[in-house]
Amino acid sequence: MARAVAALALAAFCATTGGDGAVAQQAGLAPFVVTGDAIEAPLGGLKGDPARGRAIIVDRQKGLCLLCHSGPFPDQRFQGDIAPSLAGAGARLSVAQLRLRIVDGTLLNPETVMPSYYRIEGLTRVARAFEGKPILDAQEVEDVVAFLGALRDGPSTGETR
Amino acid sequence: MRAALFVLSLGAASAALAEIPADQRKSGADFMSAQTRAMQNDDATNPAMLSVLDGESRWSAKAGAGAKSCADCHGPAETSMKGVAARYPAFDAESGRPIDLAGRINSCVETRQQAQPLKPESPGLLALTAYVALQSRGMPVAPPSDERLASFRARGEELWRQRFGQLNFSCAQCHDDNWGRKLGSAPIPQAHPNAYPIYRLDWQGMGSLQRRLRNCMSGVRANAYPYGAPEFVDLELYLMQRAAGMPMETPGVRP
């Protein structure tokens, strides 16, 4: 079911963008190209720093990831159980696939509760302080992706909720 | 392009969202620690009872141009207000819209007592609302079957399923699809309105259901509706329908 929905969403995305590989452009944000279920090129051509990525992930105001996910962060109390563990994310998914999941997971699964971290369009009643801003900027997305890509230990397939 | 995609995803989402089956409904109190639950269940330790007592004395205090008290017109609250909170919001013929309990009380303050209306979240309005709602404690939530409410309730349900804010969440995604799971340290409750107004330890004070809804909206980085907004009353109407039959627990305590 989830897979069928994902396929459907992807098909719709391709149809409305005029095909796989079209450039998604949002005002003020770096453009990106979705290929299959991935974004191959780093946002803005930036290079991620895994140490900064880790700091963003455990920051409950910034990355918010541990509100929903658990992961290999023994120093962190109160990890969420809404989403699969991040352990082994880099073994399950390529860096390009991880990038799309952080940028806008709704392109793969329209029902997902995971926030779209690099998206400012199609949102409703965004609070003034956050208007027109993505949750993470391009550099921060690349930092997070770099950290996740290096998370090799953990299940390499399947749901790990 | 975004618009087209969005319509599609909304369609898919509403197909998947399931309402909570009646035998799985749980009061917010069931998600609390045993300690906090015990605090709510014993009037001697429930910090909201101070506000209820304040409400009781306000009930018989004369106010406004006519120097009338609530009791002058309504008599003892134990009889005249029994079951009232369990069936609010109700249709208000004057405004042609639903009105919630606090709004109803304030309309009496303004038009019957001819006094200054009480501010949203003011201690006086919270106290009167808690005192009136206490008279329904233990009674089942009983939303009126008034046809005039149907379209407002439907609008409330729409808002319930609408995604909001920078984090792009709907109420339903948390409270229908993920209740019982942990959001960081906080268990997600089912969002039943049957214990409001509440004393929240985190607020160190009383708050209305609308204050709670504003917290949830700000939590997803949305611009929350203002107090008294019609959207909130519509949402309350839907929440009461969703909780129909559950016992009223006002005054609740929350962490």
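What follows is a chat about a predicted model.

Colleague: I'm new to this one. How is chain B divided?
Modeller: Chain B has domain 1, made of 24-42 + 143-254, and domain 2, which covers 49-134. Keep in mind that this is a predicted model.

Colleague: OK. What separates the centres of domain 1 of chain B and domain 2 of chain B?
Modeller: Going by C-alpha atoms, the centres of domain 1 of chain B and domain 2 of chain B are 22 Å apart.

Colleague: And how many residues of the two domains of chain B are in contact?
Modeller: On the domain 1 side of chain B there are 23 residues, and they are in contact with 22 residues of domain 2 of chain B.

Colleague: How much area is buried between domain 1 and domain 2 of chain B?
Modeller: About 1800 Å² is buried between domain 1 and domain 2 of chain B, and carbon and sulfur atoms give 72% of that.

Colleague: What about salt bridges between domain 1 and domain 2 of chain B, how many?
Modeller: The count there is 1 salt bridge. Asp234(B) pairs up with Arg97(B) in a salt bridge, with the closest N and O atoms 2.9 Å apart. As for polar contact, the count between domain 1 and domain 2 of chain B is 4 residue pairs.

Colleague: Which elements supply the side of domain 1 of chain B that touches domain 2 of chain B?
Modeller: β6 (205-207), α10 (209-219) and α11 (230-242) of chain B each supply at least two residues of that side. α11(B) gives the most, with 6 residues.

Colleague: How do the residues of that side of domain 1 of chain B divide into nonpolar, polar and charged?
Modeller: On the side of domain 1 of chain B that touches domain 2 of chain B, 14 residues are nonpolar, 4 are polar and 5 are charged.

Colleague: Let me pick a residue. Where is Leu149(B)?
Modeller: Leu149(B) is in the loop between α7 (123-134) and α8 (150-161) of chain B.

Colleague: Is Leu149(B) buried or exposed?
Modeller: Leu149(B) has a relative accessible area of 0%, so it counts as buried.

Colleague: What does Leu149(B) touch?
Modeller: Leaving out residues up to four places away in sequence, Leu149(B) touches Pro89(B), Ala90(B), Phe91(B), Pro98(B), Pro144(B) and Leu237(B).

Colleague: Back to salt bridges. How many are there over all chains?
Modeller: A search of the whole structure finds 18 salt bridges. One salt bridge is formed by Asp43(B) and Arg137(B), whose closest N and O atoms are 2.9 Å apart. The pair links distant parts of the chain, 94 residues apart: Asp43(B) is in the loop between α2 (34-41) and α3 (49-59) of chain B, and Arg137(B) is in the loop between α7 and α8 of chain B.

Colleague: Why does Asp43(B) count as partly exposed?
Modeller: Because its relative accessibility is 34%. Arg137(B) also counts as partly exposed, at 37% relative accessibility.

Colleague: What does Asp202(B) form a salt bridge with?
Modeller: Asp202(B) forms a salt bridge with Arg200(B), and the closest N and O atoms are 3.8 Å apart. Asp202(B) is exposed, with a relative accessible area of 55%, whereas Arg200(B) is buried at 16%.

Colleague: Where's the cis peptide bond from Tyr196(B), and to which residue?
Modeller: That cis peptide bond runs from Tyr196(B) to Pro197(B), with omega near -5°. Pro197(B) is in the loop between β4 (186-187) and β5 (198-200) of chain B. A cis peptide bond also joins Thr250(B) and Pro251(B), with omega about 5°. You'll find Pro251(B) in the loop between α11 and β7 (252-254) of chain B.

Colleague: What about phi for Gln204(B)?
Modeller: Gln204(B) has a positive phi of about 50°, although it is not a glycine. Gln204(B) lies in the loop between β5 and β6 of chain B and counts as exposed, at 68% relative accessibility. Ala67(B) has a positive phi too, about 45°, and is not a glycine either. Ala67(B) is in the loop between α3 and α4 (70-74) of chain B, and it is partly exposed with a relative accessible area of 40%.

Colleague: Switching to chain A, how many helices and strands?
Modeller: Chain A comes to 6 helices and 2 strands. From the N terminus on, its elements run α-β-β-α-α-α-α-α.

Colleague: How much of chain A counts as buried?
Modeller: Of the 161 residues of chain A, 45% count as buried.

Colleague: And which residues are linked in a network of salt bridges?
Modeller: Asp49(A), Arg52(A) and Asp143(A) are linked in such a network.

Note on methods:
Residues are numbered from 1 along each chain as its sequence is written. Chains are lettered from A and ligands numbered from 1 in the order in which they are written. This is a predicted model: local features need pLDDT of at least 70, side-chain atom pairs count only at pLDDT 80 or more; totals for chains, interfaces and linings use all residues. Side-chain values use heavy atoms; hydrogens and water are left out. Domain bounds come from an automatic or database domain assignment. Contact means heavy atoms within 4.5 Å. Buried area is the accessible area (1.4 Å probe) that two parts lose on being put together, summed over both. A salt bridge is a side-chain nitrogen of Lys or Arg within 4 Å of a carboxyl oxygen of Asp or Glu. A polar contact is a pair of N or O atoms within 3.5 Å; within protein, one must be able to donate a hydrogen and the other to accept it, and residues adjacent in sequence count only if both atoms are side-chain atoms. Helices (H or I, at least four residues) and strands (E, at least two) are DSSP runs, numbered from the N terminus. Ala, Val, Leu, Ile, Met, Phe, Trp, Tyr, Cys and Pro count as nonpolar, Asp, Glu, Lys and Arg as charged, and the others, Gly among them, as polar. Buried means under 20% relative accessible area, exposed over 50%, partly exposed in between (1.4 Å probe, protein chains only).
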